[in-house]
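Let us walk through one part of this protein, step by step. Keep the model in view as you read.

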Amino acid sequence: MADKYNAETIITETQKRISNAFDVFDHESNKTVDVREIGTIIRSLGCFPSEAELHDIIAELEEEEPTGFVRYEKFLPTMTKILLERKFRPIPEDLLLQAFEVLDQKKKGHLEPEELTKYLTQEGEPFTQEEMDEMLSAAVDPDKNVILYKDFVSMMTFDDIR
């Protein structure tokens with residue numbers, strides 16, 4: 001009986017988190033959000049799918065005839081499943097630090113904004129200019145005009161995500 005209660009509690013709390021995140025972007029209070037906000041909502045819930053995975057999720061959520069909006073009643077079960085299955089978890093802090101250390105070939109303990117921009121816009125799944133601007137605004141130390149990646153990684157990792 002206790003296991004059933006715990007499972008129901010976990011599902012209820014998970015769905016409450018999803019509802020709260022969805023409501024932030026439901027500007028018309030009509031239980032719909034702009035499809036362009038779905039990635040932000042998902043990331044606010046501690047899930048970090050790749051762009052391809054995000055497109056797959058959106059394709060699953062959109063109606064047969066895409067309207068540019070996603071309805072809460074379609075979003076809730078999909079997102080509940082994603083969270084309960086612990087999909088798209090963030091990369092652990094130590095792995096992020098290792099990645100930055102590989103990029104920091106001279107072992108300076110920091111990267112120049114131009115270096116990071118080059119790596120993230122020309123390699124792998126490239127970031128957009130808007131994404132780079134947003135990241136650099138959070139990452140660049142304003143006094144030194146460099147990215148102190150240990151501080152940045154520490155600031156960006158989510159220790160409270162279950």
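This is a predicted model. Start at Gly124, which sits just after helix α6 and takes a positive phi of about 55°. Now step back into the helix itself. α6 covers residues 113-122.

Which residues of α6 are buried? They are Pro113, Leu116 and Leu120. Here, buried means under 20% relative accessible area. Why do these residues lie on the same side of α6? They cover an arc of only 70° around the axis, which puts them on that one side. The general rule is simple. An α-helix has 3.6 residues a turn, so residues three or four places apart point the same way.

Now turn to the face of α6 directed away from the buried side. Glu114 and Gln122 are exposed there.

What do the buried residues pack against? Their partners are α5 (93-103), α7 (129-139), β3 (140-141) and β4 (146-147).

Take α7 as the next stop. The axes of α6 and α7 come within 11 Å and cross at roughly 145°. This crossing is right-handed. On the α6 side, the contact is made by Pro113, Leu116, Thr117, Leu120 and Thr121. On the α7 side, Met132, Met135 and Leu136 take part. By class, this contact has 6 nonpolar residues, 2 polar ones and no charged ones.

Finally, zoom out. UniProt, in an unreviewed entry, places the feature "domain: EF-hand" at residues 13-48 and 91-126. In residues 13-48, the end C-alpha atoms lie 20 Å apart, and the span is 56% helix and 8% strand. In residues 91-126, the end C-alpha atoms lie 18 Å apart, with 58% helix and 0% strand.

Terms used. Residues numbered from 1 in each chain as written. Predicted model: local features only at pLDDT ≥ 70, side-chain atom pairs only at ≥ 80, totals over all residues. Heavy atoms only, no water. Buried < 20%, exposed > 50% of the residue type's maximum accessible area, 1.4 Å probe, protein only. Helix = DSSP H or I, 4+ residues; strand = E, 2+ residues; numbered from the N terminus. Arc of directions from axis to C-beta. Contact = heavy atoms within 4.5 Å. UniProt positions renumbered as here; feature names shortened; annotations may be inferred. Axes fitted to C-alpha atoms, helices over the stretch in contact; angles between N-to-C directions. Left-handed = near helix turned anticlockwise from the far one by under 90°. Nonpolar A, V, L, I, M, F, W, Y, C, P; charged D, E, K, R; others polar.
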